[in-house]
Amino acid sequence: MSVELDVFVGNTTIMDEEVYQFWLDGYTVNDAVKVRMEGGVLEECEASAEVLRSDTMDQYRTFQMCERLLHSPAKLANQLLFQIPPHRQAMLIERYYTFDGVFVREVLGKKLSKGTKKDLDDVSAKTGVTLKSCRRQFDNFKRVFKVVEELKGPLVENIRQHFLLSDKLARDYAAIVFFANNRFETGKKKLHYLTFQDFAFCAGQLISNWTVGALDNMVEDMDVDLEKEFLQDLKELKILITDKDLLDQHKSLVCTALRGKTKAFNEMEANFKNLSRGLVNIAAKLTNTKDVRDFFIDLVEKVHLVPGTIKGAVLSHNINAIES
C-alpha cells in the first residue's frame, strides 16, 4: 500500500506576513485559505487549492511552535530550531504584541485577572475582534504587567528591553500597565468619546510628572505608582481659589504656558476662575483611592470647557495645570 507524503526541506524558515496576520487575528485555516484565494494567490503562484491549504496549515503550525518563544522574545534570537533573520524576528515580535485600539479601550483600567478574561466573549462580540485574538492580546497585557511589576527602574525602558518592542509600542504598554496598576475608571459612558491614545498620552504625562520614580530619580522603584507625598501636597492648592492675588498669578502662569498650544485656549482664559476651582477641588481629593480612580471622570464632569474640546491634549494640559 503506497502512501503519498508532502515533504519540504529547507534552511531559512519561510513565513508569509499576510498568513501571520491571519493567524494573529484568529482566523481559522479555512477562513485564511478563503481570503487568500479571493486575493488571487492561486493565479499569482499557479498553485492548486490543495497546495494553498497545505501551505497555510504548515505556516500555522510554524507560528504555533514559535508562540512560546514570543512569550519571552529574547529567546527567539537564541534558539536554533527556527532559522529566522533578525528583521523577521523583529516583525514577528512587534506584530505579536500589537493590539487593537477598540479592544484595549474595553479593558483599559480593569484588573488583569481571570474574572476580566471571562468577559472577553462579550468584548469580542462588541468590538468585532475574534475571541482568539482578544485572548492573545489580554494575555500579552497580563504577561507584560507581571514581568515589569517585579523590576526596578523606568517602566518604558523595562518593557522595551525585556520584550524588544519599538519605542511607540513600549510606551503604549506602559500606559496599559499604569492604568491597570492604578485602576483608573475609563469605562463610563461619559468617557466613551476618548480613545486609547487620548488616555495613553495622559498616562505618559502622569508617569513623567506624578510617579515615585519621576519625582525622585534616586528611587529605584518602578515609575508606576503615584507619589503619595506629592498627592498630599496637592491639598495646599486650595489657597489658589481663596486668595485673589494668587489666583491672578496662577492664571498668568498657566495662560503663558498654554497660549498657542490648545484650541480651547480662549474658552479656558475666559472661564479660568471656574476652571481653576474645578481643578483644585479635584487635586485636593486625590489622596483618596476612589477619587484617584475617578480622576478622568472628574476632569470631564467638573472641568467645563466647550463640548468636544476635552481630548487627550487638553486633559494633559489640565493635568499639568494641577501640577503647576
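Reader: Why is Ala74 called partly exposed?

Author: Its relative accessible area is 41%, and partly exposed covers what lies between buried (under 20%) and exposed (over 50%), with a 1.4 Å probe and protein chains only. So Ala74 counts as partly exposed. Ala74 is found in helix H5 (residues 74-78). Ala74 and Phe163 are 89 residues apart in sequence, with 7.1 Å between their C-alpha atoms.

Please keep in mind that this is a predicted model, where local features need pLDDT of at least 70, side-chain atom pairs count only at pLDDT 80 or more, and totals for chains, interfaces and linings use all residues. Residues are numbered from 1 along each chain as its sequence is written, and side-chain values use heavy atoms, leaving out hydrogens and water.

Reader: What makes Phe99 and Phe141 an aromatic pair that is edge-to-face?

Author: Happy to go through it! A pair of aromatic rings is described by the distance of the centres and the angle of the planes. Rings of Phe, Tyr and Trp (its six-membered ring) pair if their centres lie within 6.5 Å; planes under 30 degrees apart count as stacked, over 60 as edge-to-face and the rest as tilted. Phe99 and Phe141 have 5.5 Å centre to centre and 80° between the planes, so they form a pair, and an edge-to-face one. The structure holds 23 aromatic pairs.

Reader: Why does the pair of Phe99 and Phe141 tie together parts that are apart in sequence?

Author: Phe99 lies in the loop between helix H6 (86-97) and helix H7 (101-107), and Phe141 in helix H10 (residues 131-148), so the parts tied together are 42 residues apart in sequence. Helices here are DSSP runs of H or I with at least four residues, numbered from the N terminus.

Reader: How do you know whether Phe99 and Phe141 are buried or exposed?

Author: Phe99 has a relative accessible area of 13% and Phe141 has 1%, so by the cut-off already given both are buried. Phe99 and Phe141 also belong to one aromatic cluster, whose members include Tyr96, Phe163 and Phe196.

Reader: What makes the charged end of Arg136 sit over the ring of Tyr96?

Author: For Lys NZ or Arg CZ, the rule asks for a place within 6 Å of the ring centre and within 35 degrees of the ring normal. The charged end of Arg136 is 5.7 Å from the centre of the Tyr96 ring and is listed as sitting over it.

Reader: How do you know that the span of helix H13 agrees with what it should be?

Author: The expected span is 1.5 Å times one less than the number of residues. For the 14 residues of H13 (residues 196-209) that gives 20 Å, and the end C-alpha atoms are 20 Å apart, so the two agree. Among the buried residues of H13 are Phe196, Cys202 and Leu206.

Conventions
Helices (H or I, at least four residues) and strands (E, at least two) are DSSP runs, numbered from the N terminus.
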